[in-house]
Amino acid sequence: MTTLEYNTERPHLHIPEYGRYIQKMIEKAVLLEDRDERNRTARSIVAVMGNLFPHLRDVPDFQHKLWDQLFIMSGFQLDVDSPYEKPTPSTLHKHPDRLEYPQHRLKYRFYGNIILRLINTCVKWEKGDLREALEYSIANHMKKCFLTWNKEAVDDSVVFEHLYELSKGRIDLRKRKEDLWDSQALIRTKMNLTRRSIPQQNQNQPHQQHQQNKKVFTNKFNKKNNNGRI
């Protein structure tokens with residue numbers, strides 16, 4: 001009497017895409033005592049593995065991947081002469097290096113990192129009219145960012161104080177008499193830019209689409225009646 005063999009009772013497949021027959025071929029190659037015979041068997045198995053996925057032959061290092069998968073499916077027990085460096089369990093389960101994210105712990109987060117970069121660039125410039133213009137541009141942009149976080153009116157003195165603090169005293173506009181842009185004007189400018197970024201839909205588009213669909217249906221109905229007329 002033949003007993004059924006269920007997959008749940010069979011050994012675990014390391015790479016199920018190749019199937020159990022490839023797994024059994026590799027297990028048999030591991031048990032071969034003659035090294036030359038093992039090498040010939042390993043090369044044959046790699047050739048069969050490559051034929052199973054012919055569309056991947058143009059992938060760079062395709063042969064290298066096949067040999068690595070051969071050692072993985074053997075549980076790293078197959079001792080053959082590989083044309084590539086043999087993988088090890090440590091390299092297979094090696095964790096990637098921790099990705100370092102830029103950490104800018106801003107005291108006033110609503111300004112963003114770009115403001116800090118602008119300030120660091122501005123302080124490197126020589127003092128003059130061009131730097132003054134950049135300082136006031138930065139202050140106006142800071143005020144606009146502040147209004148995003150605080151919808152109420154923002155006092156210029158608060159922005160100047162924050163700019164002095166973020167620049168570590170290298171940009172001081174607190175004693176200047178020139179005012180920044182009006183808060184309401186900044187809000188209106190931002191709203192207009194937002195509206196321009198949204199494409200305006202044609203108000204008559206639903207009606208035109210309905211008329212087009214109605215015309216197509218009428219033509220099909222008339223054609224059907226004319227074809228069935230005696």
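User: Which residues make the nonpolar surface patch, and what is its area?
Analyst: Met 25, Val 48 and Leu 52 make the patch, at about 220 Å². The model is predicted: local features need pLDDT of at least 70, side-chain atom pairs count only at pLDDT 80 or more, and totals for chains, interfaces and linings use all residues. Residues are numbered from 1 along each chain as its sequence is written, and side-chain values use heavy atoms, with hydrogens and water left out.

User: Why is Met 25 called partly exposed?
Analyst: Buried means under 20% relative accessible area, exposed over 50%, and partly exposed in between (1.4 Å probe, protein chains only). At 33%, Met 25 falls in between, so the label is partly exposed.

User: Are Cys 122 and Cys 145 buried or exposed, and how do you know?
Analyst: Cys 122 has 0% relative accessibility, so it is buried. Cys 145 has 14%, so it is buried too.

User: How many disulfides are there, and by what rule?
Analyst: The rule asks for a pair of cysteine sulfur atoms within 2.5 Å. The count is zero.

User: What makes Arg 35 and Asp 79 a salt bridge?
Analyst: A salt bridge is a side-chain nitrogen of Lys or Arg within 4 Å of a carboxyl oxygen of Asp or Glu. Here N to O is 3.0 Å, so the pair qualifies. Arg 35 lies in helix 2 and Asp 79 in the loop between helix 3 (62–73) and helix 4 (89–92), so the bridge ties together parts 44 residues apart in sequence. Arg 35 is partly exposed at 29%. Asp 79 is partly exposed at 38%.

User: What other partner does Asp 79 have?
Analyst: Lys 86, with the closest N and O atoms 3.6 Å apart. That is within 4 Å, so this pair is a salt bridge as well. Lys 86 is partly exposed, at 37%. Salt bridges link Arg 35, Asp 79, Asp 81 and Lys 86 in a network.

User: How do you know that Glu 161 and Arg 174 pair?
Analyst: Their closest N and O atoms are 3.6 Å apart, so they meet the salt-bridge rule. Glu 161 is in helix 7 (residues 156–166), and Arg 174 is in the loop between helix 7 and helix 8 (183–197), 13 residues apart. The count for the protein is seven salt bridges.

User: Which residues touch the most other members of the largest nonpolar core?
Analyst: Tyr 111, Ile 119, Met 142 and Leu 163, out of 22 residues. Helix 5 (113–122), helix 6 (129–149) and helix 7 each supply at least two residues. Helix 6 gives the largest share, eight. A nonpolar core is a set of buried Ala, Val, Leu, Ile, Met, Phe, Trp, Tyr and Cys residues joined through side-chain atoms within 4.5 Å.

User: What stands out about the phi of Asp 61?
Analyst: Its phi is positive, about 60°, although Asp 61 is not a glycine. Most residues other than glycine have a negative phi. Asp 61 lies in the loop between helix 2 and helix 3. At 55% it is over 50%, so it is exposed. Phe 76 also has a positive phi, near 60°. Phe 76 lies in the loop between helix 3 and helix 4 and is partly exposed at 27%.

User: How many helices and strands are there?
Analyst: Nine helices and zero strands. Helices (H or I, at least four residues) and strands (E, at least two) are DSSP runs, numbered from the N terminus.

User: Which element has the lowest mean pLDDT?
Analyst: Helix 9 (residues 205–227), at 56, while helix 2 (residues 35–52) has the highest, at 93. pLDDT is the predictor's confidence in each residue, from 0 to 100. The protein averages 79, and 76% of the residues score at least 70. Where pLDDT is low, the predicted coordinates should not be read in detail.

Key: Patches are made of residues with over 30% relative accessible area and no salt bridge: like charges are joined within 9 Å, nonpolar side chains (Val, Leu, Ile, Met, Phe, Trp, Tyr) within 5 Å. Accessible areas come from the Shrake-Rupley method with a 1.4 Å probe; for residues, only the protein chains shown count as cover.
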